[in-house]
Amino acid sequence: MGEINYIRGDATAPHGRGVRVIAHVCNDLGGWGKGFVLAISRRWPEPEAAYRRWHRERASNDFGLGAVQYVLVGPYTWVANMVGRRGIRAGSKGVPVRYEAIDTALGALGEKAAELGASVHMPRIGCGLAGGTWSRIEPLIAERLVARGIPVTVYDHD
């Protein structure tokens, strides 16, 4: 079994060759405007447009906690919009992160990455605006991706 590779850098400029999937966590309200999504939108308009359309048409698709949308942004680069947050802000029900939804989304991502022969690149998903803790997220990544032999790189931005 491999391990998670941690580096300093920008997850929107993934290292390595071959097919790469950039994974991040979105909310279930259709909001896109703070955190890592801004870096994605600065580089490519397609993931935001696809996510907003996915949410807008949710009555007729799979949009919801645990769902993943894959958006091709270059010949060898995909963005995985993973719905893993309930709402946007912390409230009476705690922080927005939903570990079960992230686990489900990572399972689907593992299938897609294996199908594509891709490596996966991400910031510390679920730990920024979502309010999650890395000690809860990291084992999910190890189980759903690394254990399948999928190379994973986590980027800590400077």
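Start by selecting Asp28: at 12% relative accessibility, this residue counts as buried (buried means under 20% relative accessible area, exposed over 50%, and partly exposed in between, with a 1.4 Å probe and protein chains only). The model in your viewer is predicted, so local features need pLDDT of at least 70 and side-chain atom pairs count only at pLDDT 80 or more, while totals for chains, interfaces and linings use all residues. Residues are numbered from 1 along each chain as its sequence is written, and side-chain values use heavy atoms, with hydrogens and water left out.

**Stop 1: charged pairs**

Side chains of opposite charge can pair when their charged atoms come close. Is Arg86 buried or partly exposed? With a relative accessible area of 46%, Arg86 is partly exposed.

Next, select Arg43 and Asp10. These two form a salt bridge, and their closest N and O atoms are 3.4 Å apart. The pair links distant parts of the chain, 33 residues apart: Arg43 belongs to helix H1 (residues 36–43), and Asp10 to the loop between strand S1 (4–8) and strand S2 (20–27). Helices (H or I, at least four residues) and strands (E, at least two) are DSSP runs, numbered from the N terminus. Arg43 has a relative accessible area of 42% and is partly exposed; Asp10, at 25%, is partly exposed as well.

Now pick Glu111 and Arg148, another salt bridge, at 2.9 Å from N to O. Arg148 is partly exposed at 41% relative accessibility. How many salt bridges does a search of the whole structure find? It finds seven.

**Stop 2: the sheet**

Switch to a cartoon view and colour the strands. Six of them form an open sheet in the order S1-S6-S5-S2-S4-S3, with mixed pairing (two strands pair if DSSP finds at least two bridges between them). Which strands stand at the edges? They are S1 and strand S3 (68–74), each with a single partner strand, so one side of each is left without a neighbour in the sheet. On average, neighbouring strands of this sheet are turned by 30° against each other, direction ignored. (Axes are lines fitted to C-alpha atoms, for helices over the stretch in contact, and angles run from 0 to 180 degrees between N-to-C directions.)

Walk along some of the pairings:

- S1 and S6 pair in the parallel sense over five bridges; the bridge partner of Ile7 in S6 is Tyr155.
- S5 and S6 run parallel and are joined by three bridges; select Val120 and you will find it opposite Val152 in S6.
- S2 and strand S5 (residues 119–122) also run parallel, joined by three bridges; here Ile22 stands opposite His121 in S5.

While you are at S6, colour it by accessibility: four of its five residues are buried.

**Stop 3: a residue inside S2**

Select His24, which is found in strand S2. At 1% relative accessibility, His24 counts as buried. What does His24 touch? Not counting residues up to four places away in sequence, its contacts are Trp32, Phe36, Val37, Ile40, Val79, Ala80, Asn81, Met82 and Ile125 (contact means heavy atoms within 4.5 Å).

**Stop 4: helices**

Show helix H2 (residues 46–56), which lies across S2, S3 and S4 and runs at about 150° to S3. Then show H3, lying across S2, S3, S4 and S5 and running at about 165° to S4.

H3 and H4 pack at an angle of about 25°, with their axes 9 Å apart. That makes H3 roughly parallel to H4 (angles under 35 degrees count as roughly parallel, over 145 as roughly antiparallel, 65 to 115 as roughly perpendicular and the rest as oblique). To see the contact, select residues from both sides, including Tyr99, Ile102 and Leu106 of H3 and Ile137, Leu140 and Arg144 of H4.

Definitions and conventions. Salt bridge = Lys/Arg side-chain N within 4 Å of Asp/Glu carboxyl O.
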